[in-house]
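Please consider the structure shown here, with attention to its charged side chains and to the packing of its helices.

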Amino acid sequence: MKLRKLEELFFKILIRASVLLVIFPLLSIISIVLLKGGKVLISDPKILITTPGPKYLLGGKGGFVHAILGSLYLVIPATLIASVIGLGIAVFLQPDYSTPKISELIRMILDILWGIPSIVYGVFVLTILIFIQGKGCLFAGIPALTLLELPIITRYIDEALIAVPVELKNATYSIGANKFETLLMVSKYALSGIVAGILIGMGRGIGDAASIIFTSGTSNTIPKGLFDSVTALPIIIFQQASSCYPSVREHAYAAAFILVVIVGILNLTSRFLTKHFSKYIPKGK
């Protein structure tokens, strides 16, 4: 009896220690970024709406609005493309469209792609750029981010479709619906999971630097076209933090503040939409 109580106590302590091990560093990082970044933004809010001057990284004047817009220019089209392709793949993985063996093989490939370091996608697109003698630009950065987001979004949509009760599909088929009409009904039921997956993939994409550092170029201006160089928040944070000038390094906290806020908004939006759409899903008895 004593041994069982000791085992129970040991696992309780282990579980709580594991939670603290994750939460404490996470809260510490977010707190430091928000406090230091918020202080910089309050003292000099113009850095949010100005582009960098010619010697910005050497302690010159300017801000990083080009990086904020650059991140949005990169991640929004990449997320749209990855969502459309991911939805098609996820539908194909369902029993109505594919065999179990092929579905499992594709899922395994997607899981491997999900685990691949993002810099590999950057190097892959860079290799193509070198082959066609192209240069880093917005048009090259978008596919690198799309490749990064694609397995994440696809697997989330796939799991959302799998979670739909078989009884719903059978009931839809029983009233004479075809595969496409059944797919629309299933997608409506899985909408909360699909939206959550897309926003989580978008959050992963906007915070990544390795996949675009070789492909999007580095620019101090706002891109005016698809073939202009562009920079993003993760890249400018790296450049600012590497500067020898304390004033520039402080701007890295401000840029990180903006990035954390964007990712936080995406996560909160994901949770809100999941909860909102869940209201329309019939509950089982």
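Lys-12 is partly exposed in this predicted model, its relative accessible area being 43%. Glu-8 is likewise partly exposed, at 47%. The two side chains form a salt bridge, with an N to O distance of 3.9 Å. Both residues belong to helix α1 (residues 2-43), where a spacing of four residues places them about one helical turn apart.

In the structure as a whole, seven salt bridges are found. One of them joins Arg-107 to Asp-158, whose closest N and O atoms lie 2.6 Å apart. Because Arg-107 is in helix α3 (residues 100-115) and Asp-158 in helix α5 (residues 138-162), this pair ties together parts 51 residues apart in sequence. Both Arg-107 and Asp-158 are buried.

A further salt bridge links Asp-111 with Arg-155, at 2.8 Å between the closest N and O atoms. Asp-111 lies in α3 and Arg-155 in α5, so the pair connects parts that are 44 residues apart in sequence. Here Asp-111 is partly exposed, with a relative accessible area of 39%, whereas Arg-155 counts as buried because its relative accessibility is 12%, under the 20% limit.

Helix α2 (residues 65-92) packs with helix α8 (residues 191-206) at an angle of about 140 degrees, the axes being 9 Å apart. The crossing is right-handed. On α2, the contact involves Ser-71, Leu-72, Val-75, Ile-76, Thr-79 and Ser-83; on α8, it involves Ile-198, Met-202, Gly-205 and Ile-206. Six of these residues are nonpolar, four are polar and none is charged.

Definitions and conventions. Residues are numbered from 1 along each chain as its sequence is written. This is a predicted model: local features need pLDDT of at least 70, side-chain atom pairs count only at pLDDT 80 or more; totals for chains, interfaces and linings use all residues. Side-chain values use heavy atoms; hydrogens and water are left out. Axes are lines fitted to C-alpha atoms, for helices over the stretch in contact, and angles run from 0 to 180 degrees between N-to-C directions. Helices (H or I, at least four residues) and strands (E, at least two) are DSSP runs, numbered from the N terminus. A crossing is left-handed if the near helix is turned anticlockwise from the far one by less than a right angle, and right-handed if clockwise. Contact means heavy atoms within 4.5 Å. Ala, Val, Leu, Ile, Met, Phe, Trp, Tyr, Cys and Pro count as nonpolar, Asp, Glu, Lys and Arg as charged, and the others, Gly among them, as polar. A salt bridge is a side-chain nitrogen of Lys or Arg within 4 Å of a carboxyl oxygen of Asp or Glu. Buried means under 20% relative accessible area, exposed over 50%, partly exposed in between (1.4 Å probe, protein chains only).
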